[in-house]
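Q: Could we go through this model together, interface by interface? I have the sequence and the coordinates open.

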Amino acid sequence: MNESENMTREVAAPVRDNAEVEAALNRRYEAGFVTDIESTSLPPGLNEDTVRQLSAIKQEPEWMTEWRLAAYRHWLTMPEPDWAKLEIAPIDYQSVSYYSAPKAGLKSLDEVDPKLLETYEKLGVPLHERAKLAGVAVDAVFDSVSVGTTFRKELAEAGVIFCSMSEAIREHGELVRQYLGSVVPTADNYFAALNSAVFSDGSFVFIPKGVRCPMELSTYFRINAMNTGQFERTLIVVEDDAYVSYLEGCTAPMRDENQLHAAVVELVAMERAQIKYSTVQNWYPGDENGVGGIYNFVTKRGDCRGADSKISWTQVETGSAVTWKYPSCVLRGDRSVGEFYSVALTHHRQQADTGTKMIHIGKGTKSKIVSKGISAGRGQNSYRGLVKIEKGADGARNYTQCDSLLIGKKCGAHTFPYMEVKNPTAIVEHEATTSKISDDQLFYCLSRGIGEEDAVSMIVDGFCKQVFRELPMEFAVEAKKLLEVSLEGAVG
Amino acid sequence: MHMLKIDNLHARVEGKEILKGLSLEIKPGEVHAIMGPNGAGKSTLGNVLSGREGYEVTAGSVLFNGRDLLALEPEERAAEGVFLAFQYPVEIPGVNNTYFLRAALNAQRKYRGEDELDSMRFLKLVREKLKIMQISDELLHRAVNEGFSGGEKKRNEIFQMAVLEPKLAILDETDSGLDIDALKQVAEGVNALRSPDRSFVVVTHYQRLLDYIEPDFVHVLAGGRIVESGDKSLALKLEEQGYAWLADAHPELAKAELAGERA
Amino acid sequence: MSETQAIRTPFVQAVLDSSGTADTSGIAWVDAARRDNLASFAATGLPEARNESWKYTSLRALSQRGFAPVDLKAARTVAVDVPVLPGVTGARMVFVDGVFRTDLSALEALPAGLTLQSLPDALAADPEPLRFALSARHRHQAADAFAHLNAALARDGVVVKVAAGAHVASPVHIVFISTQAGVAWHARAVVDVGQGAHVTLVEHHVGLSDVASLGTLFADYTLRDEAVLDLVLVQDASASATLIRRSHARVGARAVGTVHAVELGGALVRHELMAELVGEAGRFDSRGVFALKARQHVDTQMEVRHQARDTASDALWRGVADGRSRGVFRGAIVVAEGADGSDAALSNKNLLLSAQAEIDTKPELEIYADEVKAAHGATIGQLDERSLFYLRSRGIPLTQARSLLTLAFCRAALSSLPNEALREHLGDLLVAHLPTGPVDA
């Protein structure tokens, strides 16, 4: 990366000594290290054999293999989507390795390579039960496979199933078969079809009727191996009157090549069920010049199948070179509620095209969208959202607020909301603003002795408050820190 | 004969019972002040009487000059002579004040079987009433309440009352948000409209307004019912002692219901 | 694309059939441009639904219809009443089925500095000033089938020139009347408002009842520095007409363009309003309203591009849809890199009155500069319950209260129109069109 430019700036500030400068620079992408671990990978390339091989490695049942093949065949017929406001070099899907796993086979967490555990310690994700944060059960996915799920016993006692997707396909085949692809069909879109064909792992959550999941569940995704795509699949099913809060975090090493991440997340909420899904996405964003970084193409969708159910998405997107992501809610059940809270930050050459879809089908359904976009450097940040009120959605309500903050003259902030209303008793409201950090605000902070960068993070933090409030405490702290780090060098 | 007879009125808003057995009788020409802590149901009473949607009457009756008021649509109540001066008059962009008033007056006249006023007669009437309220012509050309100051909105309410000449006027916290000069102006307007066949219900949180609009009766509304009634000295007692003393007199009232005590 | 068009739709086939007999202008570059555009149109055909710009306006039914060329002789001779607009007292140009009618127009004693010509007259006199407008395909036209179609087939139209510094006091009335069923007419407008000049133009579309014709009108407005253009668009076409229009304005330094658009008639109507603020401190304001019923489909696409410093735009659009109608609105604000000091606002509010109607709206912001103020708001809903109650509490019956509020809602788009007589008349037209029925105002 181009350090000299930043060195000049830092050195110009005489109060800081060299050690501080070093520390500041190293802080830039803390998750950017590589774990030196032996791994087994499929050779790059994608064809029906790759799909079969992958399915075989994972010892999947026949139906799963066929499901994947059908998705693959459909994928071949689909064009890559080009409607997003993204400039992406053509992706060579044949140069990607579709499977990579740490070599040693795993039976339990005790057998996990200590290097791996160390990796997660460094990332602040404790897998060892003794050291873990109280009250958060973690499933860690390293490249293509789950390396361990914590708190299994406690969860099992509550009747909760929380395990890797591979295990779920083997152990809870009927449940998986019932729900997999029921929210995001294999042919839904280009990246969802690709994921359906080659997904390697992910998490499965099942909360039975009436159970309030006793702890927050969390998956931590890590891309380590080179030239590897990560294609995880998450399925969360929450039965009547049950509740779960689920957290998702992602990191990757710093590499000069772009790496592909195409995930699918499906949520199902039955009657009066509630799902709170929080993401802090910190994939490697590439360097200042746009070299490297993760291509993040994600399909996330929640189905409020039951009456009075609620699905709430909260995302803080600071990483990835390219983000293409629209966590959505299908509000099928009467009076069901969908929420989307988002902070998306693009700095340097990062590009994000993200937003949500709220599809109102049931009567009295409500949705709320709060999107905060921050653009700095040469970052391009687009909100793209659809609010659709179908004919039968009597009394449906939506409120959307969409604010953009620009830091610098070379960045862009864009808003593309679609509103489609077919019911005369619905009310849909959308408001959007674009502004920069005002000189008055900045000056006020400076005149009180607050440095420029601190002032900017304070103001940005304030700008994002509405979204951070929705995150669980530990995640909110993490998110705030991430924003600060991501914005370093954005002013001055 | 009573003009208004409210008997054991119960009403709910969003499923919550606000009025819990309110009774009140008003004769022509009387001025009744209704005071009470925040959340006692003061505004609810005005809204229920004028027929606002979302206010569900679950029990009790309201007779207005012998008619069942609750069975009427809002516009029918207005034509019968019930007028609500809103606490927060709504702004209606694009609807001209004069046009609005004439439409209202003529709709009411039509309902009562009277002939409608042409624009000449209407303007003459309006000019007369403007004088009473000390309101400038300019207000007539603007949209209803649009861009009005707090004081202008309240004066506009009283001005509308002057034009529509109701039998019963309910002033819902007409004093809120007004400085002393604006308050006096509004009170003068109201006093000018007092007459032996017109009654007033003055809903207020403060005694202050009653220095200018002298009531015949003062009622204290708490917990959704009228718990004390008296003459204007009751208002002064409230002014001195706040609502807390009610707790001693009415142990059945929960503390919370009196918590909205005046600041 | 061309391979996929191997099977020509009836629409395209009819265009090709009718253009076979097309005359030549005798001006080489004009004829070349027409040929190029025809070829481009034939290659692409009408836009399909997956074309983002046509997402909410399907042309499938239109593509299955073939329109005949206009019967020129009839158009030149048919007797029609020219509609009058109160307050529009200036010069008048009348087009019947896209053909200029001198006999119906009023071009005597034009005010100083104002030139009005039909397109053929202007070309015959001096084609050079029109070369840019008629041969250049500016950015927006590049991909659009209707722009090609219009450029290929428009033989008539209006050329307006206002000399620098001239102030034209009386509004100029430009009337398009459709009388022939089943035909397609295409007209072109080129308007040049000179430096510091002021002019008001009223573009007015009407049609004999039940004339299912297609009309296209592509208009270019150039506002030189400090020019002031007031443009009023009154679309009161026949209920079965298809009308595709584009108004494209280039706004120079300190120039001010203002548009008021009223969309009332038509079965399938599309209006693309585009403004480029190319000079410093230029301003472009737009106001518009559609009031739809039955099976009307009206699509307004508004796009303002801020390309220079300290430019301003303000847009206020209203829509009402009843019956089985569909109203579409896209309002885009683009602030280019370097256009610092830009101030852009857009408000779009809609009332949906029927369970069979639909409204689709898409307010967009695309911002590439940081010293900007940009905001938009959009709503789709019903009349405000509090306002309704307020009116009723004063004795106004529910239906009357509804009409009153609906009209007030629409009139917001006209309130800034300075021509009072015209404003009142357009208000009355809206009253007549509003689905809730007339209010005795």
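Q: How many residues of chain A are in contact with chain C, and how many of chain C with chain A?
A: In this predicted model, 33 residues of chain A are in contact with 36 residues of chain C, where contact means heavy atoms within 4.5 Å. Residues are numbered from 1 along each chain as its sequence is written, and chains are lettered from A in the order in which they are written. Local features need pLDDT of at least 70, side-chain atom pairs count only at pLDDT 80 or more, and totals for chains, interfaces and linings use all residues, while side-chain values use heavy atoms, with hydrogens and water left out.

Q: And what area is buried there?
A: About 2,800 Å² is buried between chain A and chain C, with carbon and sulfur atoms giving 47% of that area; buried area is the accessible area (1.4 Å probe) that two parts lose on being put together, summed over both.

Q: How many salt bridges cross between chain A and chain C?
A: The rule finds six, a salt bridge being a side-chain nitrogen of Lys or Arg within 4 Å of a carboxyl oxygen of Asp or Glu. One of them joins the side chains of A:Lys85 and C:Glu366, at 3.0 Å from N to O.

Q: Which strands of chain A supply at least two residues each to that side?
A: They are strand 21 (412–421) and strand 22 (427–436) of chain A, where strands are DSSP runs (E, at least two residues) and helices likewise (H or I, at least four), numbered from the N terminus.

Q: What does strand 22 of chain A pair with in chain C?
A: Strand 22 of chain A runs antiparallel to strand 20 (residues 373–381) of chain C, and seven bridges join the two; strands pair if DSSP finds at least two bridges between them. A:Glu431 stands opposite C:Gly377 in strand 20 of chain C.

Q: Switching over, how many residues do chain C and chain B bring to their contact?
A: Chain C brings 21 residues and chain B brings 33, and the area buried between these chains is about 2,100 Å², of which 64% comes from carbon and sulfur atoms.
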